[in-house]
Structures are given as C-alpha cells and as structure tokens.
Amino acid sequence: MKLWLPLFALILPVAHAQESPSAPSDIYKSVVRIEVANQTSDYATPWNSGRFGGGIGTGFLIGKNKFLTNAHVVSNAERVLVTIHGSPEKYPAKVEFIAHDCDLALLSVEDFHDFEKLPVFDFGKVPALESQVRVIGYPIGGERLSVTRGVVSRIDFSTYSHSRADSHLIVQIDAAINPGNSGGPVVQDGKVVGVAFQGLRQADNTGYIIPTPIVRRFLKDIEDGRYDNYAELGVTEFPLHNPAMRKAFNLPDDSKGVLVTDVTPTGTADGILKPGDILLAIDGNAVDSAGMITLEGENVNMQEIVERKFAGDKVSLRFIRAGKSEETEAVLKPLPPSRMYAIQYEKKPRYIVFAGLVFQPLDTNLFATAKFDDVNVRRLYADYVPKGIFQKRPDVVVLTRIESDPLTTMIDGVQGLAVDKINGVEVRDLKHAYELLHPATPPEFFVIELFGADRPVVLPANQIEAANKRVQLNYDIDQLSNLEE
Amino acid sequence: MKRLLLLLPLLALPSCDSPGRATAAEPVIQSPPAPPAVAVTAPLELTRSVVRINSTRQTWNDNQPWEKNPPNQRRALGPVVGPNLVLTTGELVGDATYLEFESTDGTRLTPAKVIAVDFEANLALLGPADDTAGAKFFEGMKPFEMDGSPKIGDPLDILQVEDNGVPLLTVGALQGVDVVSNFLEGQYFLTFQVKASMQSAASSFSLPVLSKGKLAGLLASYNSKDQLSDVIATELVKRFLESAKTGHYAGFPGLGLETTRTEDPSLRQWLKLGEDQGGIYVSGVRKGGSAQLAGVKKGDVVLAVDDHPIDRRGYYAHPVYGNLFWSHLIRGEKNVGDTITLKLLRGGQPLSLDVKLVRQEESDNLVPAYTFGHAPRYLVKGGLIFQELTKPLLESFGDE
C-alpha cells in the first residue's frame, strides 16, 4: 500500500444521533480483508522479472460475487486472497475489472458458497458537509476489523494519487484512514457513501474517500464487460477574474465564463472549441469565471459534467467566439495518449536491447525510474499531449542505457536522450524502431540520431549479432526485446 | 576580507628528504624539483612595481531589476605594466562602481578607471581616472618587464604585499599548463597551474606571478585545499596588453564551433577516418561565426589547424607545453582578422578551408552569458514585469 500517514491514536467521537443506532454488526462480515502478492515491473532493467511484494487492503460485498476495493490494493497482483471477518479461511480471488484512473477494482472469489448468506452493501448519496460517517476496514495495528468515525470536512475535485494523473470528485473526512483501510466502505445510515482510499502525509485527520458518483460510474462502465477509462473534454481553461481581461473580451462584470487556452488535438473539443473562446455553459450549467458550475447544490469543477458521462455521450457547449454566442454539441471521446502521464500497472515494460544499447518508450513509469534531466526529453514528455506530439510519435523512444561491450565502450554522453532518427527515418514508436534496426537488408552502418546529442551513434551492422550475443550472455538478458505491454 | 592579518610564522617544511629518500637516484622524469613551499621576503624594490586596487562592486538584483544589491569591496594587487598602467583580472572590475589605486605603503591614493577589460580572458587594464593626479601617484614606479614563456617545472614566484608594506614571495612551480576557464564558464584560455602553499595576506584578488623577477602571469584563483593556483598565462597577458594599450581593445577571436571526440571506432569507421588520423567531429556550427562564414558544416571532421594535426580527443602538440586543447590555436594564438587554414574531412573527402577569424560579441547573443556593467533590461506594465533573458537571470533562480 502506497499512501498514508503514520499511525496515530484516534479519540473516537461520541456517536451522533444522525447515525443509525441499529448499525448492524453482521454487515461487518461483508467487509473482507484482502491479501495481495504482487509483482512490480522493473523499468531500469526491463528484461528482469521485477520486484515482488505484498500488502493488505479492504474490500466489501456489493452483489453476487462482487467485491469492491481500490485499484491500488490489487495493482500488479499475482495472487489475491480474501478473508471474512472472524474467519480463519482464505478464499482465492481474482480481479474482474480494474480502473486505475479512479482507483477502483471489482473482485470475485473462486468459490462464493460461504459468502452467499452475507448481507450486501447498498450505495447512498454524496454525504453532506459536517455529517458523520463510519470507516470500516483492516488498517495496520492489528489483524481484526477496525471501525472509525469522522465528519465530512470537505467536498472537492482533486487528485487521485494512484495514477498521479487523474482528478475526480473527492470527499475529505476527519476519520483516521490508515494503510490497510484502502478499499473499505465508508458508511452512513447503513449505506455506503464512499470508498476509503487515500490520506495525506503532511496533515492530521485527513482521510479521503471516493464518493458514490464515481463508484456508480465505474460499475456502469463495466456493465459491457470491459472498463473504458474516462472521457475527457480536452480543454485547458484559464480563469477570467481579471477585470482588464474581461474588458478586453468585452464581457460584463458578472463573473461568468472561462477562457479556453488550449484544445488537445484529437480530443473531444478538437475542431469545436478554439483557444480564445469563452465557455459560458456546459449542458445548460452556467460556467463561472473560475471554470466552476453548481451541481446538486455543490460548487464543482465543470469537468464534473464530463466525469459522469461516458465516451460516446453528448455534451452541449455554449461559448462566445469573436463576440458571438454559439451553442454546439460535442461527442465525448477518451484520450488514450493522456495515459503518458499516468503510472501504468499490469504492464510489461517494452524495450529493445541492440548491441548493448537499451531503447525504451517514455512514460511516467520510466520517468520515475530514470529521472531524465535532458531538456529535450523533458520537453517531449511535457508537450506529448498538449502539443499533439503523440500524433507523429506515438512513442518517444529513449536510449536509456548502454551496457558495456567492446563495440560500444567509447560511446558516452548519449544515455537518457530521445531518439530522433534511425538511418535517416524519423522513429514513430518502439515497434518502428525495432523494424528500422532489423531491416531485411542491413545497411553498412546503423546511424542513430538523438535529440541533443553532439554526435550520432554509429554501429557497423556486421558486428551487431556478435555484440548482441555477448551482451545477452554477460548481462543475463533472456529476451533482447519486448514490444508488447 | 580587507586587511586580513594572518601572519602565521611558517614552519620551514622539511623539503621532503626523508632518510630513505636520501639514497634514491636522481629522478629521471622532468618533474618539478619540489620547491620549498615557503614564503620568503622579497626585495623591497618589488613594491615599486605593484599597486593595490580597491574595487567597490555593486551587482544588480535580477529578481527586482530596478534595484542594485548592497555594494561589496574587494582588494587586489596589480602589477604595473606600463606608464600609469596596471593589470588585474576582469573579475575584479566587473560591475565596479568605484576603483581606486593605493600605494603598497598606504601613503597615496588615486581613483582609477578601466582602459580595457576582457571578461572571457579575465583580464583588465586600469589607469588613473585623472592624468595629473595619476602621474603623481605613479611617480617613481617601475613597470614590470614581461618574461618569455616559462616551461613546465620552472619555478614561479607569487607576489603578495603584507599589510605593513613588506613584499612576500611564495615560491611555487609551474606544474601544468591547460586550456581551461578560470572565471566564466565555457571560456577556455591558456592557464598555468602553479603549485604553491600561499598564506592570507592583505590583498586576495589578482596577484602578480613572477619568473626571475619578470612578470609571467596573473593569479586568477587559488585552491587552498590542493594548493593550486590558476594563473593566466604569459602569452595571454602579453597579447591582451598589446591590444589593450592601443586604446581599441579587439578581444580574442573565436571559431564558433562545437566539437566532440572521435575515439569511438565505429564512429571513426563511419566517418572514414584512418587509424593514423586524429580529428574531431563538428557537432554544431554557430551562425555568423568564423567557421560558418567560411563554410564549415555540422558533420565535418577537423583534422588540422594550419599545420597542427589535432588528435581524436582534440589535443595538438604545443612546442613548449606539450598537449594542449586545440581551441588555444585560435583563441590563444590568433587575432581578429587573421586567417587560418582548417583541414577537414567531409563525407570521407579531404577539404581545406581558409577561415578569416572574427569575433562575436557576447552581447549579440540571444541569451548573453554575462552582462557586467549593464543593468538588466526590464519593463513594468500594469504590474507585469518583463525581463530580457540572460544567464545571470537564469542563475538567480538557483542551480536547478
């Protein structure tokens, strides 16, 4: 488990009248302990099997053989075991669906027989501010079930730390949420109002839960048998508080409308909105100058409208362009390239080892491992989605390492640079790089041009095979390439 | 920093003749005969050839470009190199708001001005701000003569003057000669590395370095841990003075080339470089630079400059100093307007290009690396601050 504060003593607040007094203890049985053995890929030496580890989390029964938990509890899982409260038995389970962008997963056990009679949790609404909730789970500090109480202290649109790249609706509570609580139900009036999932290291009494709109959306998304990430509007907005800016755009001083500064190529709004447009309303909800709308009485980011929809759904946009008000409908699309900025799980790292030169496609996993400091690599990473680099280069191929070999021993200073061309051809993705490095009729030399290198990397083709053999043997590399995730 | 009196009585160091060493044969290598790193009192006459320079320096605050930072003061000892002319480092006079000569005995003072400065080579020539007052100040002064080029292993003396006016010579040896930068990053010039154990005396910036009583260089920095000094080499000082004394300082020329080594055998094979050849690969050609104007292209290999072959690491054989980085052939030996011949290999074919050397001023660069003496340019409009991008501005954000 990756989140979270160190354990601290929590004084339980006195039970509040709002909480149903008949808090059924048999419902505890439906809160299960999840034990996971996992394997995390190693992006530094991608041919290796990676790091083995494990962890404890919580899940709860929401239907026939359906256990809900957090994605981060069962990420990269090799083996999942489920235990009922008060029972010594461990039931093998498997991950049916996993959604890393909203940190939710659905599990099933191999044999549901012992669970048949257990009660099933129902879902409630987003809990109101200041209302009291119970967090049930198996946090550190003991083997048995633990229950804590807290008050809803904030409702916000914020980052889900599991993927590092996604933001959704989030509810902050002041109950202690500790490692192991992850995936546990947060209950109010006998109904689940959220899933406990993350904490905050630098603050006390801040636990975060995934509210039910997100959970319901996940459950609806998987009805068709697969999970298709969130759709995205693909718009960057800029607040229009500044009176001078409002004047420049001929807007009245009414705090309405937000400026569109960037439209992601191939995204939902591509071809519909343009930088410089002023967005006034989304699906009939007035957008204020900070890009917020009022939804069910709460002030939330306008993206929340898109959040609750699916790819293929329509969204209506009212905006001002060149002084004229326009209204149009857009069909929501997912934006797969945006996964560049999200940590990937359950993926085998892709790579090519070529005469000791290691090529890997750039993603956040690799970036987190290699800490590239080259400005070109950083620019390609930052501009990949906003500037649409992914259209020309689905992969940014990086020369990450050079394993010492007589053929390459004098090549230095090019590690950590991105590949531009191989034998004069711009490299599109890793597969393309592989094809360029393994042509039917090899050229005399392979000439690899890198962004920001002071010289090309040159390898005589007739010495590659021998070098590959040496490298494979010396560094114990089972496979010289892996092109599939 | 001013008037730091740290006159530790130096112990006479046992000049490394341990008992076992006594029987050892004469070393064959021409290593410096480990001079006793001892400061000796120099002839008082030397004080007639040096003056103290007091420099008050005030830099601009790049974060609030309409302001200057608090001033600070530095003190240096400069050799007199001509009638009413004093040599010091460029570093000392960069952003100086007030310069002043002071006689070593502290009896005379006169304001000074910069006649010529080269921040890249880290040299500056100063004269008195007022001619009549200056003539009086320099009365009885005796300019240094310049020495020929010292050789590796030659003893060199570093001259300091204590607060009481007594000159102090630290005997060191010329340990190595290299083309490095001693002040601004990326500005490589011929530099002597002198090994000597110095002590703190009254002036700490820019000290004259002497060879047999003649001026052989100017100390630019001292590393007390390694006891190594970077000394601006004789040739460079000579060439700077020649040009500076004319009143129209021309500066040192540049080729405008970025190069990289060709040690990698595969790269050499591809470039069609023979085993007996050296050569450095041109990785970039600066627009408007000497090399670009003469037609040098990225991907060329420089084999020789005039008749000096360049090896695969970029060194050539200097008749006196041994292997030196090739940039010295241009910056250290040529003047603006001179023509050199570059022997190149382009696409495997030899090519000879005559290159007329020009100089590109740093201030013409889009992002200047230094901006001494100039206030940062800025514009405040409606509370927004626009600034010209310069290296000092970038550095004000920290190391990252």
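Analyst: Chain A is divided into domain 1 (27–115), domain 2 (132–224), domain 3 (231–334) and domain 4 (348–482). Domain bounds come from an automatic or database domain assignment. This is a predicted model, in which local features need pLDDT of at least 70, side-chain atom pairs count only at pLDDT 80 or more, and totals for chains, interfaces and linings use all residues. Residues are numbered from 1 along each chain as its sequence is written, while chains are lettered from A and ligands numbered from 1 in the order in which they are written.

User: How many residues do domain 3 and domain 4 of chain A each bring to their contact?

Analyst: Two residues are in contact if their C-beta atoms, placed from the backbone, lie within 7 Å. The C-alpha centres of domain 3 and domain 4 of chain A lie 41 Å apart. Each of these domains of chain A gives 4 residues to the contact. For residue classes, Ala, Val, Leu, Ile, Met, Phe, Trp, Tyr, Cys and Pro count as nonpolar, Asp, Glu, Lys and Arg as charged, and the others, Gly among them, as polar. The side of domain 3 of chain A that touches domain 4 holds 1 nonpolar, 2 polar and 1 charged residue.

User: Which domains does the assignment give for chain B?

Analyst: For chain B the assignment gives domain 1 (34–248), domain 2 (257–356) and domain 3 (367–395). The C-alpha centres of domain 1 and domain 2 of chain B are separated by 34 Å. Their contact takes 10 residues from domain 1 and 8 residues from domain 2 of chain B. Helices (H or I, at least four residues) and strands (E, at least two) are DSSP runs, numbered from the N terminus. Strand E9 (167–180), strand E10 (189–195) and helix H3 (234–245) of chain B each supply at least two residues of the domain 1 side. That side of domain 1 of chain B consists of 7 nonpolar, 1 polar and 2 charged residues. In chain B there are 7 helices and 23 strands.

User: How is the predictor's confidence to be read, and what does chain B average?

Analyst: pLDDT is the predictor's confidence in each residue, from 0 to 100. Chain B averages a pLDDT of 86, and 89% of its residues score at least 70. Over residues 1–36 of chain B the pLDDT is below 50, and this stretch has 32 contacts in the model beyond near neighbours in sequence. For the complex, the predictor gives an ipTM of 0.80 and a pTM of 0.85.

User: How many residues does each chain bring to the contact between the chains?

Analyst: Chain A brings 9 residues and chain B brings 11 residues. On the side of chain A, strand E29 (residues 457–460) supplies the largest share, 3 residues. This side of chain A divides into 7 nonpolar, no polar and 2 charged residues.

User: Why does A:Ser108 count as partly exposed?

Analyst: A residue is buried if 20 or more other C-beta atoms, placed from the backbone, lie within 10 Å of its own, exposed if 12 or fewer, and partly exposed in between. A:Ser108 is partly exposed because 16 other C-beta atoms lie within 10 Å. A:Ser108 belongs to strand E6 (residues 104–109) of chain A. Leaving aside neighbours within four places in sequence, A:Ser108 contacts A:Asn65, A:Lys66, A:Ala93, A:Lys94 and A:Glu96. The C-alpha atoms of A:Ser108 and A:Phe67 are 6.2 Å apart, although 41 residues separate them along the chain.

User: Which residues have the most contacts inside the largest nonpolar core?

Analyst: A nonpolar core is a set of buried Ala, Val, Leu, Ile, Met, Phe, Trp, Tyr and Cys residues joined through C-beta atoms within 7 Å. The largest has 66 residues, and those with the most contacts inside it are B:Ile53, B:Val86, B:Val209 and B:Val231. Apart from this core lies another, of 51 residues, among them A:Val31, A:Leu61, A:Val82 and A:Val187. Of the 400 residues of chain B, 39% count as buried.

User: Which strands pair with strand E10 of chain A?

Analyst: Two strands pair if DSSP finds at least two bridges between them. Strand E7 (residues 132–137) of chain A runs antiparallel to E10(A), joined by 2 bridges. E10(A) also pairs in the antiparallel sense with strand E11 (residues 191–199) of chain A, over 4 bridges. Both faces of E10(A) (residues 185–188) are covered, with A:Pro185 and A:Val187 on one side and A:Val186 and A:Gln188 on the other all buried.
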